[in-house]
Amino acid sequence: MTILQRYIAKTILGSTGLVLLVLLGLYTFMDFISELEDIGKGTYQLSEIFSYLALSMPKRFYELLPVAALLGSVLGLGSLASQTELVVMRAAGISIEKISKAVMLVALALMCIALFVGEVIRPVAEQKAREIQSMAQTGTVGTRSENGFWTRDGRHFNHIARILPDGRFQDISIYKFDEDNRLLTVTKAEEARYEGEGWILSGVVESSLNKVGVKVSTAEYTQWKSSLNPGMLNIVIVPPEFLPIWSLLEYIEYLDKNHQSVNQYKMAFWMKVMMPLSSAVMVFLAVPFVFGPLRSAPIGGRILVGALVGISFHLFNQSFQNIGIVYGIAPWFSAALPTFLFASLGYFGMRRIY
């Protein structure tokens, strides 16, 4: 990397960081106002709100990065253009292609940052944030619905009413069916904890159904063999879009094995695959903004157009994701189409300025 490329990259990264800080501050303030409505629920007070918002920062950072990348790149390159630095570079024989290479180095750096935040920091932080919020408001870890969590494991259908912070289940019901979908047994337990490679149920009441009638037996402790493991608890506590890719793949395999719907999780997987690329595409779009038809426009106009394009991408991306789930479109296509459409827009814009 030349000194000039480092200078361009440093300028764009600085502008992107500034835009990101402003957007994070704005969204955090809006989240704070929203959380104030729940203050007083259980032990949910200002200290819990601040902890929740602090742990939610990686989520907002990840969501806002593509828009911030576009605005920061437009702002950084626009600043160089307004101070005639780009003119001097061109006069010195630096081609637009070389300047674009420096911009793409920034795109590569932002892709790495997005991967690290999305796969390492955000899942852990979001899970902890939701645990703090749920524990303060209800005293238990929040589940997917007010009626508990359902899961299928072969011929067994399991209902878990509550999940405690240490990973234990409370109020479990296990329904076992035969190949003709006839109910064979109903097992209810007060609690389940994971030990070794299986679950230990306590306070167990088992009802066996046959042609004669119902036979009820009780036990203080019994084993429960299930492919559900504590590593999958994140699926219950945290929505799929906040999970690391490896956890999503594990759960998709689990659902496929038990013949359950996986489109929502496959969509989340492909959205996570495309997200770093989306940040790079947003940076790529900034070059035609500065050297193309907007080169003579004031910096405010460029920022406005950049904001409109960034918001359009965000809304189109979210809308097409939901459309894909509703109409059964292939998840990889629904996740990739918005990014490739805007990448095509950037490509044709670059063709015009070369």
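Trainee: At what angle do α2 and α7 pack?
Mentor: In this predicted model, α2 and α7 pack at about 20 degrees, their axes lying 8 Å apart. Axes are lines fitted to C-alpha atoms over the stretch in contact, and angles run from 0 to 180 degrees between N-to-C directions. α2 is therefore roughly parallel to α7 (angles under 35 degrees count as such).

Trainee: And which residues of α2 make the contact?
Mentor: Among them are Tyr62, Leu65, Pro66 and Ala69 of α2, while α7 contributes residues including Lys272, Met275 and Ser279. Contact means heavy atoms within 4.5 Å.

Trainee: Changing topic: how much space lies in the largest pocket?
Mentor: The largest pocket holds about 500 Å³. A pocket is an open set of points on a 1 Å grid, where a 1.4 Å probe fits, with protein on both sides within 12 Å along at least five of seven lines.

Trainee: Which residues lie nearest its centre?
Mentor: Of 23 lining residues (an atom within 4 Å of a point), Glu63, Glu241, Met271, Gln318 and Gln321 lie nearest the centre of the largest pocket. The elements giving two or more residues to this lining are α2 (46-82), α7 (263-291) and α8 (299-327).

Trainee: What lines the largest cavity?
Mentor: Thr28, Asp31, Leu53, Ser56, Met57 and Arg60 line the largest cavity, a set of points from which the probe cannot get out. Its space is about 30 Å³.

Technical notes:
Residues numbered from 1 in each chain as written. Predicted model: local features only at pLDDT ≥ 70, side-chain atom pairs only at ≥ 80, totals over all residues. Heavy atoms only, no water. Points joined across faces, edges and corners; volume = space filled by probe spheres on them. Helix = DSSP H or I, 4+ residues; strand = E, 2+ residues; numbered from the N terminus. Parallel < 35°, antiparallel > 145°, perpendicular 65-115°, else oblique.
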